[in-house]
Amino acid sequence: MMPDNLISALFPHGHTLSAGAENTLSGQARSGGRDVEVLGITNSTPLGPETAIILAGHVLKIVKSDNKTPIIFLIDTASQRMTRRDEMLGLNEYLAHLAKSIILAGMAGHRTISVLYGTAAAGAFIATALSTQTMIAVDGAHPSVMDLASIARVTKLPLDVLTEKAKKTPVFAPGVEPLAATGAVSEIWKLSDGLCAERLSRLLADNQSMNNDNRDVLGAGRGGRTMAADVAQRVEKAFVQASDLKKAG
Amino acid sequence: MIPENVMNQPSWYESSARARIEGLLDAGSFKEILGPQDHVMSPHLALFDLPPAFDDGMIIGRGLIDGRPVAIAAQEGQFMGGTFAEVSGAKLVGLLRAVARNAGTPQEVSTVFLLLDTGGVRLQEANAGEMAVSETIHAILDVRHAGVPVVALIGGRAGAFGGGGLVTACCSHIIISEQGRISVSGPEVIETNKGVEEFDSRDRALVWRVTGGRSRVLLGGADSYVKGDIGSFRKAAEVINNNAPPLSLETLEREQGRLEHRLKAYGNCHDTPEIWVIAGLSTPAGIADLTEDDFIDLLVKEGVRHDAR
């Protein structure tokens, strides 16, 4: 099913989006007076090799066209598909290939933005929404690494204890707010306020060095990841010093 | 009886992350960054009454291989399953960013070696761990974009699971041993979610046929296959050079073709021996039973090469 509400909220000036195989969607749209490419996953589909390779193929075709058109990803997936067959075929390579294709598009000058309008979890979340330069959460978005019941099983903690702990820290709880606190989600939009098309064209106009991954700095500012950015920066400084020590020794 | 020269070889699988680093690098050349003495520890484990580690299970630094400067990171699979978490992840991300930033300067390194040994994201700090995996992937691609190869070495007890499977497949080159396993969802997770008839995680032979080093290198999930001793990993690491594929549109187009072909050719198979029959291997049912030397001979004979990733 195509996310018609979302599509009309983002692209009121027209589009050619249509549903494709394996719960994908693709096409072009207008935003803020410019053409954009749109790709997506529909129906909360667990991400398997078929869906991943179709999307990656679209992305690489767009990069090959060499026109630097922005790419908007509309994401409603689930976790990665969990079957023995998919793992045997190397699902990790298919998911990584999709992530690499999206990141390569960013490096090649395409502005990449994901709009999460459904679920996304674990490896499927990493391979899709988290591989774009900017991630937006809208109505219905529910990102997670793993649901609390599964975390309870792995950590061997009762679910109610875990639920209680989740109130004290955003570091492991599922949902938009905790993930925004860690820097994953850039902005949270409401479809009903009629401003999404305008917000999207503003994001597209903002083309300053988008390939600088500063999500850890964002997470520090929002209090969801207090150490990551600082630790990474300390390592970067020490790396140069370690090289000097080698020469002195 | 185990021959003496084999018995005396320390095993990669059995060794600690630090022992693997020592065995891989030129003797005495390792310079650790943010080591245990700096006490940079997870701030989140106390909430779960779990003891932290002074290095958070991630050991990073610089060193030499055959006199060439390299960057190295090793996960300690015996601490919290070698998981990606806020601190362990940030150490790795910081190292990779430093390598990318210093490419072409006097501080540059020739190669990055990632000694992955991980169950994936640390669920006690799931969101921070998930972000660490994503940031690691972005940073690996920046390093490759800067012209420095990133090499994964897989053969530890924890394997390379979850986000670790994705990180592995983002590297320029993957070295694996028979004991190495690469996957996204682990057999236990699939069994818990989909039932024992989907994946019996106690059937060890099945687990290795699906995720293990021999299957991965035959199918294209790994590039170099080595015996399980540290010396063999070192020998494979020595010969890595800038012939590793650059991150480019052309490389990813070739990977697209490689993965499309695999899905078309083997998408209806249920177990790896069925794949080896279609691929025309001479001993499709007996891959697991070959000696290490015979398996390596088979790889040479079949000319197995998957250089697009």
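Predicted model: local features only at pLDDT ≥ 70, side-chain atom pairs only at ≥ 80, totals over all residues.
The interface between chain A and chain B comes first. On the chain B side, 89 residues are in contact with 79 residues of chain A. The size of an interface is often given as the accessible area lost when the parts come together. Between chain B and chain A, about 7,400 Å² is buried, and carbon and sulfur atoms give 66% of that area. Within chain B, the residues that lose the most area to chain A are B:Leu123, B:Asn127 and B:Glu130, which together account for 10% of what that side buries.

One part of the picture is a pair of helices from the two chains. Two packed helices are described by the angle between their axes and the distance between the axes. Helix α2 of chain A, residues 49–65, packs against helix α10 of chain B, residues 249–266, at an angle of about 150° and with the axes 10 Å apart. An angle over 145 degrees counts as roughly antiparallel, so α2(A) is roughly antiparallel to α10(B). The crossing of α2(A) with α10(B) is left-handed. On the α2(A) side, the residues making the contact include A:Ile53, A:Ala56, A:Gly57 and A:Leu60. On the α10(B) side, they include B:Leu252, B:Gln256, B:Leu259 and B:Leu263. By class, the contact of α2(A) with α10(B) has nine nonpolar, two polar and four charged residues.

Charged side chains also link the chains. Side chains of opposite charge can pair when their charged atoms come close. Over all chains, a search of the whole structure finds 33 salt bridges, and across the interface of chain B and chain A the rule finds eight. One salt bridge is formed by B:Arg258 and A:Glu93, whose closest N and O atoms are 3.2 Å apart. B:Arg258 lies in helix α10 of chain B and A:Glu93 in helix α4 of chain A, residues 91–107, so this pair joins two chains.

A helix pair inside chain A can be described in the same terms. Helix α6 (residues 148–155) and helix α7 (residues 159–166) of chain A have axes that come within 9 Å and cross at roughly 110°. The two helices, α6(A) and α7(A), are therefore roughly perpendicular to each other. Their crossing is right-handed. Here A:Leu148, A:Ala149, A:Ile151, A:Ala152 and A:Thr155 of α6(A) meet A:Leu159, A:Leu162 and A:Thr163 of α7(A). The contact of α6(A) with α7(A) consists of six nonpolar and two polar residues, with no charged ones.

Key. Residues numbered from 1 in each chain as written. Chains lettered and ligands numbered in written order. Heavy atoms only, no water. Axes fitted to C-alpha atoms, helices over the stretch in contact; angles between N-to-C directions. Helix = DSSP H or I, 4+ residues; strand = E, 2+ residues; numbered from the N terminus. Parallel < 35°, antiparallel > 145°, perpendicular 65-115°, else oblique. Left-handed = near helix turned anticlockwise from the far one by under 90°. Contact = heavy atoms within 4.5 Å. Nonpolar A, V, L, I, M, F, W, Y, C, P; charged D, E, K, R; others polar. Buried area = accessible area lost by both parts, 1.4 Å probe. Salt bridge = Lys/Arg side-chain N within 4 Å of Asp/Glu carboxyl O.
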